[in-house]
Amino acid sequence: MTGERALVLGGGGVTGIAWETGILHGLAERGVDLTGADLFVGTSAGSVVATQLAGGVPLADLYAGQLEPPDGELPARLTPWMLARYALSYVMPGTPAAKRARLGRAAVNARTPSEASRLEVFEHRLSIKDWPERALKVTAVDTADGKFVAFDRDSGVPLVKAVASSCAVPLVWPPVTIDGRRYMDGGMRSVANVDLAAGCSRVVVVAPLTRSASQAATPAAQAAKLGVPSIVVSPDEAALAAIGKNLLDPARRRPAAEAGRAQAASIAEAVRAVWDETR
């Protein structure tokens, strides 16, 4: 993949989808269009945005969608008990995969909405239903053994199921069944999985979150290891205030998107310096 550019989009709930969309739209308005990436890597919330962009959905349309009212959508929430359960899974002894599997067992046994109802949400949420021609990697974690996977168009997995699995926040949403196995949020391995961009010559990471309970390397640390021009964009103070404390609250979608669009003004030149191959 030498000479190719990667756009890596990390996890962060419904507000993460909104903020990422706002950032990307604001950058495009300033002449920094990241939708021409050769590779898209999407984790959790980022898998929704990456899929739409790889499929050619116009950024302006995606941004307009984030400004729509929630229309009856109810907020979910990561409770203190859930966060404690995450932390416990990762501090107990074992390999990284074993720790993820420990959380995966809890995810399978949790009381959540039905898997069918969640798949309906993604059927409605995604404008495209088939894998795009451009390279797209959608991350997830096998609940049984903690194995990390990156689905792509050669995986034989329906796109909607791949994205739904990547967004299956443990204990909040049900794991998704694919070929008899159940998969949960790819963010349980890393909030952005930047290392999947290895081999690309330039990498831009848009990450609503920069740390996770898994204690995996931060997006910045992962990007630095690639050894190529890269930049990690995360929410500034104004964006964090707009996003609020509950990343799963659809009522915060519009302010998060608007904050991302506004933040783009302050980072456009730095992103351009990485993305523009003539520099």
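Me: Leaving aside neighbours within four places in sequence, which residues is arginine 253 in contact with?

Reply: Arginine 253 is in contact with Ala18, Gln66, Glu68, Pro70 and Glu73, leaving aside its neighbours within four places in sequence, where contact means heavy atoms within 4.5 Å. Please keep in mind that this is a predicted model, in which local features need pLDDT of at least 70 and side-chain atom pairs count only at pLDDT 80 or more, while totals for chains, interfaces and linings use all residues. Residues are numbered from 1 along each chain as its sequence is written, and side-chain values use heavy atoms, with hydrogens and water left out.

Me: Where is arginine 253 placed, and is it buried or exposed?

Reply: Arginine 253 is in helix α10, residues 253-275, and helices here are DSSP runs of H or I with at least four residues, strands being E runs of at least two, numbered from the N terminus. With a relative accessible area of 11%, arginine 253 is buried; buried means under 20% relative accessible area, exposed over 50% and partly exposed in between, with a 1.4 Å probe and protein chains only.

Me: How do α1 and α10 pack?

Reply: Their axes are 6 Å apart and the angle is about 40 degrees, the axes being lines fitted to C-alpha atoms, for helices over the stretch in contact, with angles from 0 to 180 degrees between N-to-C directions. That angle makes α1 oblique to α10, since angles under 35 degrees count as roughly parallel, over 145 as roughly antiparallel, 65 to 115 as roughly perpendicular and the rest as oblique.

Me: Which residues of α1 and α10 meet?

Reply: From α1 they include Ala18, Trp19, Ile23 and His25, and from α10 they include Arg253, Ala257, Arg261 and Ile267. The residues of this contact of α1 with α10 divide into ten nonpolar, six polar and three charged, where Ala, Val, Leu, Ile, Met, Phe, Trp, Tyr, Cys and Pro count as nonpolar, Asp, Glu, Lys and Arg as charged, and the others, Gly among them, as polar.

Me: And what about histidine 25, buried or exposed?

Reply: Histidine 25, which lies in helix α1, counts as buried at 11% relative accessibility. Apart from its neighbours within four places in sequence, histidine 25 is in contact with Leu59, Ala60, Tyr63 and Arg261.

Me: At what angle do the axes of α1 and α2 cross?

Reply: The axes of α1 (residues 13-29) and α2 (residues 45-54) cross at roughly 40 degrees and come within 8 Å, and α1 and α2 are therefore oblique to each other. By class, the contact of α1 with α2 has six nonpolar, four polar and one charged residues.

Me: Changing topic, how many disulfides does the structure hold?

Reply: The structure holds zero disulfides, a disulfide being a pair of cysteine sulfur atoms within 2.5 Å. Cysteine 167 counts as buried at 8% relative accessibility, and cysteine 200 counts as buried at 3%.

Me: What is the phi of leucine 171?

Reply: Leucine 171 has a positive phi of about 75 degrees, although it is not a glycine. Leucine 171 is found in the loop between α7 (159-166) and β5 (176-178), and counts as buried at 5% relative accessibility.

Me: And aspartate 179, buried or exposed?

Reply: Aspartate 179 counts as exposed, at 70% relative accessibility. Aspartate 179 lies in the loop between β5 and β6 (181-185), and its phi is near 50 degrees, a positive value in a residue other than glycine.
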